[in-house]
Amino acid sequence: MISVIRTLGGRTIEQLEGLGRVAVFGGLITGAIFRGPTRFGFFVRALYDAGVLSVALIALSGFTVGMVLGLQLFNVLSRFGADEGLGAVVGLALIRELGPVVCGLLVTGRAGSAVTAEIGTMKATEQLDGLRMMAIDPVHFVAMPRALALTFAMPLLNAIFIVFAIAGAFAIGVANQGLDAGVYQSGLENAVQFRQDVAQSLLKSLVFGILIGLVATYKGHHCAPNAVGVARATTSTVVTASVVILLSDYVITALWGV
Amino acid sequence: MQSNATRDLVVGLFVLLGLLALSYLSLQVGGVELSSGEKIVLEATFDDIGGLSARAPVRVAGVKIGQVSGIDLDEDLRATVRLEVDADVGLSIDSSAAIRTAGLLGDQFIAVELGAEDEVLLDGEAFQFTESALSIERLVGQLVHDAGV
Amino acid sequence: MRKGGVHLLLGGSGTGKSTLLRMIGGLQQPTNGEVRVAGQLLSGLGERELGQIRKEIGMLFQNGALLDSMTVLDNVGLPLREHTSQSRAEIADRVASVLAAVGLDGVERLLPSELSGGMLRRVAFARAIVMEPEIVLCDEPFSGLDPLNVIRIEDLLMRLNRELGLTVVVTSHHMASSLRMADQIILLRDQTCIAGSPEELAGGDDEGVIEFLGEDGRSFLARRHELEGAAP
């Protein structure tokens, strides 16, 4: 019994230490931002990796999620003769919750893991040590532009995801099930409000972007310098970032007061 | 690796696409109005506003001219609704404001019916005539009462 | 270690040759003892102070440690871009001349993944010396190279040492070439080290040294001066 409690305590301390190290790393990145801007070219390249390479996945997933929502909700709503509520329900669900969360999980899997793998490989092949020996701070040079790019790309990807999902639900509800296009559109526009819904969506995606960037670069920088270490770190990024996204989503939703 | 120019262009397109999606969500869906001209605030007092909520549309002849910007309870325990409407519409001072429902169960909005006077309502002034929300429960109750059941 | 010599770190796998180099570069902290570079104690220095010292050190890593995503030009020119105010054209000139010094030209636009092992090593070497450091640390510069490239790099190291007066520290188990260059040999073995000039080690009767160098190495060392005398 005591050993169980001891294990629990040990694990807790371990987790807290890990949290502390992530926080310190976040501080380093923040410090790096203020110490001097990254070269624009690096940021653009990181944005290409984080954003452009994710667009196809995000758009396709968004459209599919929208179609599924449209089909499911239309069936349920029409049972109560409330099919004109489709636009409102789809819009609110996507903008408030599904958009930021699903998009965050997808970006974690697509771009976050790639960042960890890239930085981890750089560590395993001594590229990070090489930078330090040239008196170049690897956090400033490697981690900071990538974390910034993920933070910057997330709200944009989130918006793209939501627009495609709204189109997906439109395709099912209007083109397939015969709902009036104007009814769908006005239901959507009347239900969704900028300050309550769109701003919340933006805030969430921004926070998720920061978290993904932080976790991905941290895991890359702190992985064991070999192939197994890189593989573990990549998996760990996906797991950690996903959990952190879901937890912080609840916190933000609760604080926002829905 | 692609050349820098191509990559920059693609990244630029990505940012543009994201911003377009973002502005569609904010402006069209979210209903943020940028420079939508002068606004004036009018007041209307109702006995019962039913399910009217802030941001409900204000319409003249079915066309949206503004929205509900705030709802308060005055000292007589009546609901004072503040309406933010376009300044250039020019509602005559004997216009009336009525709370209507879109469809049987739809959202409530304020319908303004124009009067005959030449003078128009100015910023901060109140509607003289108002018509409270139609409550289905009350209608049914009235019906039952009148039928003497 | 003395300034200006070619120092050779020898030892079997796992005796800490690379670790010692990394400690000189300040990349690792010693568990005990202390490291001084140019009289300055490294432990307790922050990254910024270490950076000042590291500008005087060029390090050649085993795998080159070139940045995969950047061209050879950008890789070699990186320290110049970060630490000097030279223009792009000046940097390109300097990079071209350093690359020429290591026997490469026309590779500026290539990525590290497009280079052979020997070219990669030489590009990395060019990057290590592009800032004209006082000290060059080379971790296994000869491993996995064909004999021709070994001789090229060897010559380069010797030339730098003789002509520019650089301090060169090399880890290796490539016996013949390392022995040819060294002014001082430091043999790491069983958590101790034995240091001395090649002649001293060859002439000595320490069992470990004899065991490690082997009969060939000893005879090579003994004949080294004759060989050098023979070759002009």
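How many residues does the contact take from chain C, and how many from chain A? Chain C gives 16 residues, and chain A gives eleven residues. One caution before we go on: this is a predicted model.

Stay on the chain C side of that contact. Three elements of chain C each supply at least two residues to the side that touches chain A: α2 (47-54), β4 (57-60) and α3 (72-83). The most comes from α3(C), with four residues.

Next, the contact between chain A and chain B. Here 24 residues of chain A meet 21 residues of chain B. Look at the side of chain A that touches chain B. The elements giving two or more residues are α2 (40-79), α3 (86-124), α5 (138-176), α6 (181-191) and α7 (194-221) of chain A. That side of chain A divides into 17 nonpolar residues, four polar and three charged.

Now chain B itself. Which elements does it have? Two helices and seven strands. Along the sequence, the pattern of chain B is α-β-β-β-β-β-β-β-α. So what about its overall form? The radius of gyration of chain B is 22 Å, well over the 15 Å that the globule rule gives for 149 residues, so chain B is more spread out than a compact globule. Along the principal axes, the C-alpha atoms of chain B fill a box of roughly 85 × 45 × 30 Å.

Domain 1 of chain B covers 1-32, and domain 2 covers 39-140. The centres of these two domains of chain B, taken over C-alpha atoms, are separated by 40 Å. Buried residues are 21% of the 149 in chain B. On to contacts in chain B between residues at least 6 apart in sequence. Of those, 64% join residues at least 24 apart.

Zoom in on the sheet. In what order do the seven strands of chain B lie? The order is β1-β4-β3-β2-β6-β5-β7, in an open sheet with mixed pairing. At the edges of the sheet stand β1 (39-46) and β7 (129-131) of chain B. Each has a single partner strand, so one side of each is left without a neighbour in the sheet. From one strand to the next, the twist averages 30°.

Strand β2 (residues 57-60) of chain B and strand β6 (residues 108-113) of chain B run parallel, joined by three bridges.

Last stop, the inside of chain C. How is chain C divided into domains? The assignment gives domain 1 as 1-56 + 133-232, and domain 2 as 68-132. Twelve residues of domain 1 of chain C touch twelve residues of domain 2 of chain C. On the domain 1 side, the largest share is five residues, from helix α6 (residues 147-164) of chain C. The residues on that side of domain 1 of chain C are seven nonpolar, two polar and three charged.

That's the tour. Questions, please.

Technical notes
Residues numbered from 1 in each chain as written. Chains lettered and ligands numbered in written order. Predicted model: local features only at pLDDT ≥ 70, side-chain atom pairs only at ≥ 80, totals over all residues. Contact = placed C-beta atoms within 7 Å. Rg over C-alpha atoms; globule rule 2.2 N^0.38 Å. Buried ≥ 20, exposed ≤ 12 C-beta atoms within 10 Å, placed from the backbone. Domains from an automatic or database assignment. Nonpolar A, V, L, I, M, F, W, Y, C, P; charged D, E, K, R; others polar. Pairing = 2+ DSSP bridges. Axes fitted to C-alpha atoms, helices over the stretch in contact; angles between N-to-C directions.
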